[in-house]
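Visitor: Would you kindly guide me through this structure, one question at a time?

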Amino acid sequence: MTQRIREFLRNRREDGPCMVLDLEVVRDNYMKFASALPDTRVFYAVKANPAPEVLHMLATLGSCFDTASVQEIEMALAAGATADRISFGNTIKKERDIARALALGVRLFAVDCQAEVDKIARAASAADIDDAKVFCRVLCDGAGAEWPLSRKFGCDPQMAPDVLEHAYRQGLEAYGVSFHVGSQQGNTEAWDSALAMAADVFRACGERGIILSMVNLGGGFPTKYLKDVPAVEAYGNSIFNALRRHFGNRIPETIIEPGRGMVGNAGLIETEVVLVSKKSEADEVRWVYLDIGKFGGLAETMDESIRYPIRSERDHEGEKAPCILAGPTCDSADVLYEKQPYMLPVSIEIGDKLLIEGAGAYTTTYSAVAFNGFPPLKSYVI
Ligand SMILES: Cc1ncc(COP(=O)(O)O)c(C=O)c1O
């Protein structure tokens, strides 16, 4: 927790769970990405945390933006980004949203099949636009990632040259290849096999007379939760070496799309213990119910994938015991950690405040609007 967050929480009026994010940490993270990968453009993944203050600061620092919807494009534009610094990175888009993005000036689009290429080609042709670019996302198995993104996005790398050739024949620029090695990727070498695939796609397209220019290295850069993670420099070195290995001295233009690694460690959630109970006298594990759960912003505890560090003012009081942590709603899926119970101080009581660290990414936007009547997670950017 930064000193600025500590002071903010000390002075804040009590109003339920909230996420507080320190912009200085985001600035620091951006600078680390920029220096670890100096020849790579940063496209911040807006979905991780679209707070206007975050987008504005990153736009000022020179960041570009990876967006998933027209709404995110509009947020990036409102924050001061120009349309040439925005990509529409979702492979699943409505044709009318593509048309809207083109009208807003966006020219860079992700695809992973020919049907998606057709939508972009039709929308561009209807608007008389001849400089739209597409990159084709290829599947990655997500090995080594705590939040894998395999299966749903991307095509088999064997299929990518056909998709890109189709784009080329439809009058679009076949611009490059993208992949995502899985979010919270702990293995700095995970980009190696993905870059080998990308180089194969470059070669196959080259044999068809189509010269690709760009590799989108995706996100995956981790934030620190309970376990330590390698520094961004280690990822930068490993990616640079893999680029040299697979592309020789013809290194393509590259971009990264960090989300979690940009904002995760900048935010913290303050939550309150609503109830501590047992299911029977003999129970050794207590149930600790918080005023935030899966529907209040902690969706990434699904399958207990992301294990947040949780601090209590009683941490120094000594003994800890295993607890099942659950949210406040009446859905029985709203349990955060049960398979692997969480160690909390035995002295913990109803009304205690807990601090959930590393909560700057994928929290506020996952919180439901009014499930069980609870308001969405409040966000304060300081
Ligand atoms: C296309 C795309 N780019 C970037 C990201 C950000 O990934 P991360 O938060 O692991 O950096 C995501 C996450 O879902 C994504 O879907």
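This is a predicted model: local features need pLDDT of at least 70, side-chain atom pairs count only at pLDDT 80 or more; totals for chains, interfaces and linings use all residues.

Visitor: How far apart are the end C-alpha atoms of residues 26-263?
Guide: Over this stretch the chain is 42% helix and 17% strand.

Visitor: What is the volume of the largest pocket, and which residues are the closest to its centre?
Guide: The volume of the largest pocket is about 660 Å³. Its lining is made up of 34 residues. Those closest to the centre are Lys-47, Arg-137, Leu-149, Phe-153 and Tyr-362.

Visitor: Why does the largest pocket lie between domain 1 and domain 2?
Guide: Strands β3 (64-67) and β6 (133-137) each supply at least two residues of the lining. By class, the lining holds 13 nonpolar, 13 polar and 8 charged residues. The pocket lies between the two domains because its lining receives residues from both domain 1 (89-258) and domain 2 (265-381).

Visitor: How many charged residues are in the lining of the second largest pocket?
Guide: The second largest pocket holds about 440 Å³ of space, and Met-1, Glu-270, Glu-313, Lys-353 and Leu-355 are the closest to its centre among 15 lining residues. The lining has 3 nonpolar residues and 1 polar residue, and its number of charged residues is 11.

Visitor: Which element gives the largest share of the lining of the second largest pocket?
Guide: At least two lining residues come from each of α1 (3-11), β14 (310-312) and β17 (353-357). The largest share is 3 residues, and the element that provides it is α1.

Visitor: At what distance from an oxygen atom of the ligand does a polar side-chain atom of Tyr-362 lie?
Guide: Around the ligand there are 14 residues, of which His-180, Ser-183, Glu-257, Gly-259 and Tyr-362 come nearest. An N or O atom in the His-180 side chain is 2.8 Å from an oxygen atom of the ligand, and a polar side-chain atom of Glu-257 is 2.6 Å from a ligand nitrogen atom. For Tyr-362, the distance to a ligand oxygen atom is 2.5 Å.

Technical notes
Residues are numbered from 1 along each chain as its sequence is written. Side-chain values use heavy atoms; hydrogens and water are left out. On a 1 Å grid over the protein atoms alone, a cavity is a set of points where a 1.4 Å probe fits but cannot get out, and a pocket is an open set with protein on both sides within 12 Å along at least five of seven lines; lining residues have an atom within 4 Å of a point. Grid points are joined across faces, edges and corners, and a volume is the space filled by probe spheres set on the points. Helices (H or I, at least four residues) and strands (E, at least two) are DSSP runs, numbered from the N terminus. Ala, Val, Leu, Ile, Met, Phe, Trp, Tyr, Cys and Pro count as nonpolar, Asp, Glu, Lys and Arg as charged, and the others, Gly among them, as polar. Domain bounds come from an automatic or database domain assignment. A residue is near a molecule or strand if one of its heavy atoms lies within 4 Å of it. A polar contact is a pair of N or O atoms within 3.5 Å; within protein, one must be able to donate a hydrogen and the other to accept it, and residues adjacent in sequence count only if both atoms are side-chain atoms.
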